[in-house]
Amino acid sequence: MYKILKKKELAANIYLMDVEAKRVAKTCKPGQFVIVRTDAAGERIPLTICDYDREAGTVTIVFQTVGAGTKMMAELQEGEAFHDFVGPLGCASEFVGEELSAIKDKRFLFVAGGVGAAPVYPQVKWLHEHGIAADVIVGSKTKDLLILEKEMEAVAGNLYVTTDDGSYGRSGMVTQTIKDLIAEGKQYDVCIAIGPMIMMKFVCLLTKEYQLPTIVSLNPIMVDGTGMCGACRVTVDGKVKFACVDGPEFDGHAVNFDEAMRRQQIYKTQEGRAMLALQEGETHHGGCGNCAD
Amino acid sequence: MDVLKKIPVREQDARERATNFQEVCLGYNKEEAMEEASRCINCKNAQCIKGCPVAINIPGFIEQVKNGDIAAAYQVISESSALPAVCGRVCPQETQCEGKCIRGIKGDPISIGKLERFVADWARENNIKPEGAKEKKGKKVAVIGSGPAGLTCAGDLAKLGYDVTIFEALHEPGGVLVYGIPEFRLPKSDVVAKEIENVKSLGVKIETNVVIGKSTTIDELMDEEGFEAIFIGSGAGLPKFMGIPGENANGVFSANEYLTRSNLMKSFDERSNTPIMHGKKVAVVGGGNVAMDAARTALRLGAEVHIVYRRSEEELPARVEEVHHAKEEGVIFDLLTNPTEILSDEKGWVTGMKCIRMELGEPDESGRRRPVVIPDSEFTMEVDTVIMSLGTSPNPLISSTTDGLETNKWKCIVADEANGKTTKEGVYAGGDAVTGAATVILAMGAGKAAAKGIDDYLSGR
């Protein structure tokens, strides 16, 4: 069992947990993910790693409750445990495997949207620990949903916070901040954008104009996470890739985002029903107008 | 009784079973088993044993069934096989033991598979366990993967007194027995879980949620965790797709994904939290056992199901029994048909599959007649779900993270068939990771050979 040593609600319906998982904590790297299950009947939920403590043997995950599965995760308390916690899965961020001399003069721009701040954090932290100061844009719908601001501030070169509604920091989408920074004369060699698929798509459309190489981290539907099922296939540069073993990070300018977004919808109806069943129990028998029968 | 005819085995009615996930075959009772066993003429030079990849003493156990001593029959089988309840259900006996049976020359061969199944089920119901090692060797062996190869290798090594730990990537042990083969062919909690319990009762430890090549590596297991030998039985790997347009549309799945959702994640059961697509009209592309499993699963989930295969019925790689069962249940076979494109609507959902008719030409390198396109024979099948069952290619997770472990041009691990020895000292391999996709029993045979190889190696022979 994988004990939850710490649980914290970072914002409404966004939770952080430190989970005891010695094997994962020992070998994981920024960019990789884990798959968790809450109980013996639970679905396998992939989550990008937010942080890790090799000595304590813990891995930090951050998640937002969006469906029945994540809602059940949120119900777990400190001292309780996940039924399953497997990883690290996928490839580490490209720069982790490169020679330090090759990356130390690179100008990194990270763009995080919403809960995407969680997977961005270990990358910025890793660079910080290796003496590289990266600029970070964190976008959030509104002030109350902003997460990990202090943590990010401690490891980023410059941190730019923007909210869609202007309730905190700059006002507008992350793409606006990218435009502003470049207009101010900032120059970057590589951009790493992680957030909702639609945000990554628009960041990539913009950075393509600037000819700024951009890496994105995809979170498609997955089952096993080890290459066995092919549920997570995405088209990159016209070729089919499995996000779980070939990714999850890819060249954002080559990703077919429209297809990837369509594929995320495959189980939406069923997920919605599962959520209703969880909220209303046996009482939900149709007639709500949202389900077919 | 006509000695030339086998005792028929009871099955669930085809129309009824097509709507449920309960086991198709109901198996023999003791009277039926004893009667069938009495047909065995106990050949001195038993050909059936030669046909068995794990060389079970078949006339030996049948003799005990004949005598009505089922416990003794079980001990005879468990000397050679760790998974008799599984093998009795899923082995292709018609090409192995039963295919060699002398009785089969003039009449029906002995139903060896059904007898094995009866003995194993009886032992389970009567709580009889295989016998473990009397002395411990104090040497640690790691087994990667808890499928048929791994379980067999682990069971044999434990019986020899080794301290065995199995590392499994998924959350449940069993490999293909759990994620691949459906409940209606191989019940999970009643049969597979119990066989795994038996292996554990021999002293084998199973650590789930460990992905070798990611969570840790073969080298770390040997250098840091003190394992003196390792068996890799990591299984088949990545599903193949056809490479035709539209294959990423919503509603196209690999058979691996579809079956894993249904079998491992139990999404056929309403209580499961994992969704599965409930198609109305499903095309399963391919003709192997996995294709039959996917088709029969889709059927049970309420779909009209078509098997789409580019050769003719004669070339279907699936077991005759599986094809027969699928037909009985109402699966439609569209043979000599090959998909060329998958069509979808503006939101990306599958609406149909363009196909072309084929005919058989000259034999190809596999010895089977090559399917050739019939010009201008294109047509569109209206389907909402397509399941690709075209086989797998090896998973590079282990081979790419282990120093000195050689793979062949198909990226399968190179291992000696006789003893499972790989190019890396102390590391052995077998099953689909070595051969590419094959059968449960061949994987078990390889696991068995490797256990012997590892014992020889660790005994300094």
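# Reading a predicted model, feature by feature

Analyst: Cys412(B) counts as buried, at 7% relative accessibility. The label "buried" stands for a relative accessible area under 20%, "exposed" for over 50%, and "partly exposed" for what lies in between, with a 1.4 Å probe and protein chains only. This is a predicted model, in which local features need pLDDT of at least 70, side-chain atom pairs count only at pLDDT 80 or more, and totals for chains, interfaces and linings use all residues. Residues are numbered from 1 along each chain as its sequence is written, chains are lettered from A and ligands numbered from 1 in the order in which they are written, and side-chain values use heavy atoms, with hydrogens and water left out.

User: How many disulfides does the structure hold?

Analyst: A disulfide is a pair of cysteine sulfur atoms within 2.5 Å. Over all chains, the structure holds zero. Cys412(B) is in none, and the nearest cysteine sulfur, that of Cys153(B), is 18 Å away.

User: Which residues of helix 12 of chain B are buried?

Analyst: An α-helix has 3.6 residues a turn, so residues three or four places apart point the same way. In helix 12 of chain B the buried residues are Lys188(B), Val191(B), Val192(B), Glu195(B), Ile196(B), Asn198(B) and Val199(B). Among the elements of chain B that they pack against are helix 5, helix 9, helix 10 (148-159) and strand 3 (205-207). Just after helix 12, Gly203(B) takes a positive phi of about 110°.

User: How many residues of helix 10 of chain B are buried?

Analyst: Eleven of the twelve, so helix 10 is mostly covered. The buried residues of helix 10 pack against several elements of chain B, including strand 1 (140-144), strand 2 (163-167) and helix 18 (440-458). Gly161(B), with a positive phi near 100°, follows helix 10 of chain B.

User: At what angle do helix 5 and helix 9 of chain B cross?

Analyst: Axes are lines fitted to C-alpha atoms, for helices over the stretch in contact, and angles run from 0 to 180 degrees between N-to-C directions. Angles under 35 degrees count as roughly parallel, over 145 as roughly antiparallel, 65 to 115 as roughly perpendicular and the rest as oblique. The axes of helix 5 (residues 70-78) and helix 9 (residues 112-125) of chain B cross at roughly 110° and come within 9 Å. The two helices are therefore roughly perpendicular to each other.

User: Which residues meet there, in helix 5 and helix 9 of chain B?

Analyst: Contact means heavy atoms within 4.5 Å. Ile70(B), Ala71(B), Ala73(B), Tyr74(B) and Ile77(B) of helix 5 meet Glu116(B), Phe118(B), Val119(B), Ala120(B), Trp122(B) and Ala123(B) of helix 9. By class, this contact has ten nonpolar, no polar and one charged residues. Nonpolar covers Ala, Val, Leu, Ile, Met, Phe, Trp, Tyr, Cys and Pro; charged covers Asp, Glu, Lys and Arg; the others, Gly among them, are polar.

User: Is Arg117(B) buried or exposed?

Analyst: Arg117(B), which lies in helix 9 of chain B, is buried, with a relative accessible area of 5%. Leaving out residues up to four places away in sequence, Arg117(B) touches Glu23(B), Cys25(B), Leu26(B), Gly27(B), Gly88(B) and Arg89(B).

User: Where is Lys266(B) found?

Analyst: Lys266(B) is in the loop between helix 14 (255-263) and strand 7 (281-285) of chain B. Its phi is near 60°, a positive value in a residue other than glycine, and Lys266(B) is partly exposed, at 29% relative accessible area. Asp376(B) also has a positive phi, near 55°, and counts as exposed at 81% relative accessibility.

How values were computed:
Helices (H or I, at least four residues) and strands (E, at least two) are DSSP runs, numbered from the N terminus.
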